[in-house]
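Please consult the sequence and coordinates alongside each answer.

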Amino acid sequence: MNALQNPLALIGRILLAILFVPAGFGKIAGFAGTVGYATAMGLPAPQVGVAIALVIELFGGLALLIGYRTRIAAIALAVFTLVASFFFHAYWAVPAEQQMMQQLLFFKNIAITGGLLAFAAFGAGAFSLDARRPAA
């Protein structure tokens, strides 16, 4: 199993980055629309929130992808994902016909947060920029 640790860590980082990096670029391309959606969801200071989300998703996702300061990037993405879950997938506060889908999305985000916390705990693996940095 040790032989699989580093390739699986790389694959895990790629799969998680696929979620965040396109979302960050999407917020650049559709900033006004995303702000409108955040406003409709009751996000305080939606322009600031969307700008922060864009930076975290784009730069955190890219850092995770290449394995640069992976632990910090993973923690930032985990906190972001957890907070976003409560604002955008509050299944307990939607009509009954929407609850199942929002609950599924909420717990998907909780699982993603768990995966990110594993990278925060164990690092990026050997196939990363972190592995090439001198130990502090």
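A salt bridge is taken here as a side-chain nitrogen of Lys or Arg within 4 Å of a carboxyl oxygen of Asp or Glu. The model is predicted, so local features need pLDDT of at least 70 and side-chain atom pairs count only at pLDDT 80 or more, while totals for chains, interfaces and linings use all residues. Residues are numbered from 1 along each chain as its sequence is written, and side-chain values use heavy atoms, with hydrogens and water left out.

Q: How many salt bridges does the count come to by this rule?
A: Side chains of opposite charge can pair when their charged atoms come close. Another joins Arg 133 and Asp 130, at 3.3 Å from N to O. By the rule, the count comes to 2 salt bridges.

Q: Are Glu 57 and Lys 27 buried or exposed?
A: Buried means under 20% relative accessible area and exposed over 50%, with partly exposed in between (1.4 Å probe, protein chains only). For the other pair, Arg 133 is partly exposed at 34%, and Asp 130 is partly exposed at 22%. Glu 57 and Lys 27, by contrast, are both buried.

Q: How many helices does the chain have?
A: Helices (H or I, at least four residues) and strands (E, at least two) are DSSP runs, numbered from the N terminus. From the N terminus on, the elements run α-α-α-α-α. The chain has 0 strands, and its helices number 5.

Q: How far apart are the end C-alpha atoms of helix 4?
A: The expected span of a helix is 1.5 Å times one less than its number of residues. Helix 4 covers residues 70-88, so its 19 residues should span 27 Å.

Q: Are helix 4 and helix 5 roughly parallel or roughly antiparallel to each other?
A: Axes are lines fitted to C-alpha atoms, for helices over the stretch in contact (heavy atoms within 4.5 Å), and angles run from 0 to 180 degrees between N-to-C directions. The axes of helix 4 and helix 5 come within 8 Å and cross at roughly 165 degrees. Angles under 35 degrees count as roughly parallel, over 145 as roughly antiparallel, 65 to 115 as roughly perpendicular and the rest as oblique. Helix 4 and helix 5 are therefore roughly antiparallel.
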